[in-house]
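Student: Could you take me in for a really close look at one part of this protein, and then show me how its aromatic rings sit together?

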Amino acid sequence: MEKANGCISRPSRKRKLPQEGNDVLNFTLDELSDDLLERVLSWLPTSTFFRFNLVCKRWKSVAASESFKLACSRIPSREPWFFMVDPNLNQSVVFDSAERSWKKLSHPPLLSQNCNCNSIPVAAVGGLVCFRNMSGDYFVCNPVTGSCRELPPVNPDSHHRSLHAIAMNAYSNYHGSYKLFLVSGDLPKLSYKVYNSSADCWEEEIMLRKKTDDCTGFEFDSNDDDDAVYFLSKAGNVVATNMQRSPSKQFSSVITHKDGEEIVYFLSSSGTVVACNLTQKHFSEYPRLLPVFLEYSIDVVECKGEMLVVMLSEFFESASIRVWRFDEKTKTWNQIAGMPPSMSHEFYGKKVDINCLGAGNQIFICLSSAELCSYVRCDIVTNEWVEVPKCCLNGEVMEFMSAFSFEPRIEASV
């Protein structure tokens, strides 16, 4: 150190590094081997993959290679995209939760054909979304790549029974290993069928028996749930408890894994939650959250491997939206999150239908009625509720009825 005007001058922090150290600073991605480059790029958000073509020929080649897809399959998880459903059913619009932006994807050509143009999304898992057309045929699609295939037809006898739930489970994105579950029948006689992608066929139908509670001997009473109950609303209108849901959510269901058991949950026509244990081959009904004569809208979601219920109800001249978890030990519902009253009050008296989906700690809620259309995201850990901005494409504000959550994975095989 040198003295200047009686002061000690300190070495400048901006002083250049020795010349031999510049090799590290001059390092570029071009020096990486193809294998390392693929592994580095695989960690980027999926939305950036579409821009690889604009960078250079090498990156364009990487994006199209099978080894890059394999590298992407090793990424544990990706921030979810929400596949939106609008009344037209002829386009693919998603909300990117990572970038918090709307995107329009190329609609699969197979779903644009005349016989399939009215296909609706009915289930999603991993990087795949399942569609169903008016004839009861099923299609599995990767919305990111646009790849799509039609599944073998279901046994015609299945079309004569009421379909309650459609759920999907993925075992490997890269190898296209997944199962599609259909729960049908009339309570209390339920059964399910499974499509196994590994064998590319539908397995034999399996009957489900009604379960009684082992601890108390109490059996949940269905009260003929498939029959509508009529009552007078506060406005003096005759209302039926038989729920009217948007077409894409009429088979609303979720699947969870608990202690090695696969359980499908769905809503009966009158709003009770039905749990179908596919491993033990039995089903049970959960007690109601609210009395049957109270007006409400309800949906089931899956978050972090457990089933939750989201409910919109009206009390004391105001509306509330709350998230509930069922305690198997006490056989009671416990509230775990609730929308601030200042946000939920605007939904009072507007006959709002809620359609929800879970992704990790998030719940995405679509609220729609003749008077409004709104979307909200809820973090069930922090109880933070955030309104999602409106979707505006080509200068037009779009309104959606519901949504499905999937991970944007280019490697997901149909």
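Tutor: Asparagine 196 touches Tyr178, Lys179, Cys201 and Glu203, leaving aside residues up to four places away in sequence (contact means heavy atoms within 4.5 Å). This is a predicted model, where local features need pLDDT of at least 70 and side-chain atom pairs count only at pLDDT 80 or more, while totals for chains, interfaces and linings use all residues. Numbering starts from 1 along each chain as its sequence is written, and side-chain values use heavy atoms, with hydrogens and water left out.

You'll find asparagine 196 in strand S12 (residues 189-196); helices (H or I, at least four residues) and strands (E, at least two) are DSSP runs, numbered from the N terminus. With a relative accessible area of 15%, asparagine 196 is buried (under 20%; over 50% is exposed, in between partly exposed, with a 1.4 Å probe and protein chains only).

Now for the rings. The whole structure has 17 aromatic pairs: rings of Phe, Tyr and Trp (its six-membered ring) with centres within 6.5 Å, called stacked under 30 degrees between planes, edge-to-face over 60 and tilted for the rest. Phenylalanine 49 and phenylalanine 68 have ring centres 5.2 Å apart and planes at 75°, so they're edge-to-face. Phenylalanine 49 belongs to helix H3 and phenylalanine 68 to helix H5, so their pair ties together parts 19 residues apart in sequence. Both of these phenylalanines are buried.

Phenylalanine 364 and tyrosine 375 are stacked, because their centres lie 6.5 Å apart with planes at 25°. That pair links strand S26 to strand S27, 11 residues apart, and phenylalanine 364 and tyrosine 375 are both buried. They also belong to one aromatic cluster with Phe82, Phe95, Trp102 and Phe400.
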